[in-house]
Amino acid sequence: MHATDDAPPPEQSLCGSPGWSGDPQIVAHESRNLALLAIHQIILRVGWIFKTESVIMPAFLDFLAGPHAGLLRGFMPLLNRFGQSLPPVFLAEWLQTRHLKRRALASFTCLMSLVFCVLSLLCLVTNGNRFPWMPLAFLGLYGVFFVAYGLYQVSFGMVQGKLIRPTRRGFLLLQSTFWGALPAMFFAWFFLSDWLKRPDGGFGLIFCATAVCFFLAALVTFRLAEPRADGDHHSEPRQRGNLADTLHTLRQDANLRRLVVVAMLFGSSLIIFPHYQAYAREELQLRGLHLMVWVIAQNASVGLLSLVVGPLADALGNRVTLRAVILGSALAPLYAVSLGHISHGMAARLFWILFVTLGITPLVLRILVNYTLEICEPADHARYLSTMSLCVAVPFLFAPLVGWLVDTIGFEMVFLASAGLIVLGGLMTFGLDEPRHRVRQPEIGPLGTAGENG
């Protein structure tokens with residue numbers, strides 16, 4: 001909706017919107033904070049390319065467990081999502097009442113770094129030897145990492161929600177993602193081309209690089225200009241933060257209920273992430289340096305797509321953008337299926353394009369967070385983010401079953417089923433509210449009860 005002559009311009013109308021406090025102290029430092037948050041995520045992105053979930057991490061588990069590791073790979077999405085989802089539910093209100101959100105953000109980023117320090121030491125000490133206990137040790141550390149990452153995501157969402165207005169969050173996504181992709185690709189090409197040739201796969205050095213980058217990203221957050229008084233820490237938490245709180249939040253907001261259904265359907269695309277590189281290894285005999293090509297292709301795709309997705313979200317809203325990126329994410333499993341119907345040699349040469357199509361998936365998660373921040377009051381950011389994250393985790397209960405199905409019936413049927421669920425999720429976005437209409441029309445009611453009015 002366009003602003004009329006009687007309405008304030010978009011930037012002004014959003015300064016006091018339900019999605020942002022508009023505190024004068026925050027407004028004065030917004031540009032600085034936006035730049036620092038972008039730098040923080042750029043460094044984080046460089047570290048992340050060395051632990052890409054669709055390539056490096058499942059390849060490391062396959063290295064430890066050997067052939068037919070589909071069932072163990074199936075536990076990776078389960079640990080990933082529930083680590084991200086359950087702890088934030090119980091700690092959401094505690095996080096919301098922190099005087100300085102940046103301290104929580106820095107702490108959880110440091111914990112992420114610590115996990116990869118341990119993984120790196122484990123690889124370097126064992127010197128490429130694979131012991132029977134190592135796959136389970138890896139999965140345990142993998143789960144701990146995603147507990148830290150889940151709390152990091154809520155903390156970052158609260159920092160962003162507190163310091164950056166809704167119409168500049170897409171710009172932050174563009175800056176951090178596009179400019180993060182460039183150094184990430186360079187470092188991946190420069191280092192992985194040598195490390196992946198090592199007899200031990202180079203995983204010790206790869207994980208060390210991740211740990212260093214995450215630690216540097218944590219240091220940046222201490223430079224954020226964040227006022228202590230943001231209005232939500234003067235009172236005691238309304239609820240302690242538990243599963244009953246999550247159910248209460250869902251009962252109160254019909255639009256949030258629709259959103260979590262959309263997110264759960266999209267979650268099927270995340271469940272199959274670890275199986276793409278297994279498909280390449282088992283069906284096309286691709287491994288080694290191909291891993292480097294795939295992570296570079298995926299990161300280049302994320303960077304280029306952010307040039308479109310970020311401005312689109314700021315200009316047209318996160319609802320329209322969410323619909324576009326979810327439907328676009330169905331291309332990856334459909335493309336994987338199509339490779340099975342051409343010659344083996346041609347499929348091997350074209351497989352890298354699959355990771356170009358996967359570049360849209362991280363952007364879906366960012367837009368989901370940004371949309372969630374817009375449909376609630378700032379004091380409810382942590383509760384809404386943790387509620388959405390927990391509900392997204394529900395389909396991940398089936399991740400081990402999906403891994404078993406891959407070993408039993410093959411990749412094609414699993415990929416087709418995932419594509420169908422993703423498309424259904426995209427179509428369901430037509431039932432979501434557009435929060436920016438409510439910003440321009442305050443008489444409709446507060447966003448926290450939007451679903452009941454819509």
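A: T221 is found in helix α9. Helices here are DSSP runs (H or I, at least four residues), numbered from the N terminus. The model is predicted: local features need pLDDT of at least 70, and side-chain atom pairs count only at pLDDT 80 or more, while totals for chains, interfaces and linings use all residues. Residues are numbered from 1 along each chain as its sequence is written, and side-chain values use heavy atoms, with hydrogens and water left out.

T221 counts as buried because its relative accessibility is 1%. Buried means under 20% relative accessible area, with a 1.4 Å probe and protein chains only. Set aside its neighbours within four places in sequence, and T221 is in contact with H40, R102, L105 and A106. Contact means heavy atoms within 4.5 Å.

The structure holds 2 cavities of 30 Å³ or more. A cavity is a set of points, on a 1 Å grid over the protein atoms alone, where a 1.4 Å probe fits but cannot get out; lining residues have an atom within 4 Å of a point. Points are joined across faces, edges and corners, and volume is the space filled by probe spheres set on them.

The second largest cavity has about 70 Å³ of space. Its lining includes F60, C123, D200 and F203. Helices α4 (56-65), α6 (101-126) and α9 (203-221) each give two or more residues to that lining. α4 gives the most, with 3 residues. The lining divides into 6 nonpolar, 4 polar and 1 charged. Ala, Val, Leu, Ile, Met, Phe, Trp, Tyr, Cys and Pro count as nonpolar; Asp, Glu, Lys and Arg count as charged; the others, Gly among them, count as polar.

Now the largest cavity. About 1,000 Å³ of space lies in it. It is lined by 45 residues, and W48, Y149, Q153, P362 and L365 are the closest to its centre. α7 gives the most to this lining, with 10 residues.

α7 also matters for the count in the largest nonpolar core. That core has 126 residues, and F138, F207, Y276 and F351 have the most contacts inside it. Such a core is a set of buried Ala, Val, Leu, Ile, Met, Phe, Trp, Tyr and Cys residues joined through side-chain atoms within 4.5 Å. α7 supplies its largest share, 16 residues.

Note on methods
On a 1 Å grid over the protein atoms alone, a cavity is a set of points where a 1.4 Å probe fits but cannot get out, and a pocket is an open set with protein on both sides within 12 Å along at least five of seven lines; lining residues have an atom within 4 Å of a point. Buried means under 20% relative accessible area, exposed over 50%, partly exposed in between (1.4 Å probe, protein chains only).
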